[in-house]
Structure formats: structure tokens, C-alpha cells
Amino acid sequence: MSMSVFSKLFGKRYAEVDAAAARAILEAGGQLVDVRTRAEWNSGHAPEAIHMPLESVGSRGSALPKGTPIVTVCRSGHRSALAARMLAAQGHTVSSLTGGLPAWTAAGNRIERNDGKDPAS
């Protein structure tokens with residue numbers, strides 16, 4: 001088996017990006033997809049994100065527009081990488097945010113909460 005075939009079958013088909021690169025993708029028309037649980041989402045998420053828990057990415061990922069670059073985010077970067085791999089397999093152009101939501105907020109990006117608490121707490 002040649003290396004190119006091996007890479008196509010098993011290689012990473014998504015990019016890993018930091019918060020600045022993720023912001024640039026969004027500003028160019030990309031979509032942020034938060035793959036954390038409902039409780040995590042409610043405790044704080046990026047206002048521009050859509051919520052698609054990891055367990056639903058396989059079934060709901062096809063609803064995302066194919067021509068729109070996607071950035072996946074979770075708490076640490078592990079689940080977002082899994083989601084990015086699944087979405088790439090569905091034909092999407094995907095990046096996974098390294099460092100997760102903590103990296104997003106450390107870069108000065110805003111979050112909002114759905115649980116009635118102050119996002120700064």
C-alpha cells in the first residue's frame with residue numbers, strides 16, 4: 001500500500017487551529033460548532049456557536065452546509081478533534097480548536113451562559 005493511500009485512509013483530514021486562527025475562520029464566514037454536553041454548553045459557550053453534542057455529530061453533521069468551513073470546540077480539544085474527524089469524513093472542511101473553550105476565552109473571545117449565572121464566575 002502506498003503512503004498516499006495510507007494517508008487518505010488513516011490520515012488526519014482536518015486542521016488543528018489556535019483561537020486566533022479559529023476567529024479568523026469565523027470572520028471569513030465559518031461556523032463554530034460546540035460539541036460539549038448540554039450542561040457544559042449552558043455553563044458557557046461562544047455566542048456565535050451552534051450546539052451539536054459529540055454523540056449527535058454522526059447523525060446531524062450532514063445538516064451543516066458543505067461549503068462553509070467549520071471549527072469544532074469542546075472543553076480541552078479531544079472531543080472537538082473526534083468531531084472534526086467525523087465531519088471531515090462527511091465531506092466538510094473542518095478545523096479543531098486546540099485547547100478548547102479555555103483557549104477561546106483566554107484569547108479574549110466572549111462567552112455567554114444559559115444557566116443565569118455570570119460568565120465571569
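Helices (H or I, at least four residues) and strands (E, at least two) are DSSP runs that I number from the N terminus. Housekeeping: this is a predicted model, so local features need pLDDT of at least 70 and side-chain atom pairs count only at pLDDT 80 or more, while totals for chains, interfaces and linings use all residues. Residues are numbered from 1 along each chain as its sequence is written, and side-chain values use heavy atoms, with hydrogens and water left out.

**Fold**

I counted six helices and five strands. Along the sequence I read α-β-α-β-α-β-α-β-α-β-α.

I checked burial next (buried is under 20% relative accessible area, exposed over 50%, partly exposed in between; 1.4 Å probe, protein chains only). Of the 121 residues in the chain, 41% come out buried.

Then I looked at contacts, meaning heavy atoms within 4.5 Å. Taking those between residues at least 6 apart in sequence, 63% join residues at least 24 apart.

**Salt bridges**

My criterion was a side-chain nitrogen of Lys or Arg within 4 Å of a carboxyl oxygen of Asp or Glu. The whole structure gave me three.

Arg23 and Glu48 pair through their side chains at 2.8 Å, N to O. This one links distant parts of the chain: Arg23 sits in helix H2 (residues 19–27) and Glu48 in the loop between helix H3 (38–43) and strand S3 (49–51), 25 residues apart. Buried or exposed, or in between? Arg23 counts as partly exposed because its relative accessibility is 22%; Glu48, at 32%, is partly exposed too.

Glu40 bridges to Arg79, with the closest N and O atoms 2.8 Å apart. Here helix H3 holds Glu40 and helix H5 (residues 78–89) holds Arg79, 39 residues apart. Glu40 has 17% relative accessibility, so I log Glu40 as buried.

Arg36 and Asp34 also meet in a salt bridge, at 2.8 Å from N to O. Both Arg36 and Asp34 are buried.

**Strand S5**

Which way do the side chains of S5 point? From S5 (residues 94–97), Val94 and Ser96 go one way, Ser95 and Leu97 the other, and all are buried.

Which strands pair with S5? I needed at least two DSSP bridges between two strands to call them paired. S1 (residues 15–17) runs parallel to S5 with three bridges, and Glu16 stands opposite Ser96. S4 (residues 70–73) is also parallel to S5, again through three bridges, and Ile70 stands opposite Val94.
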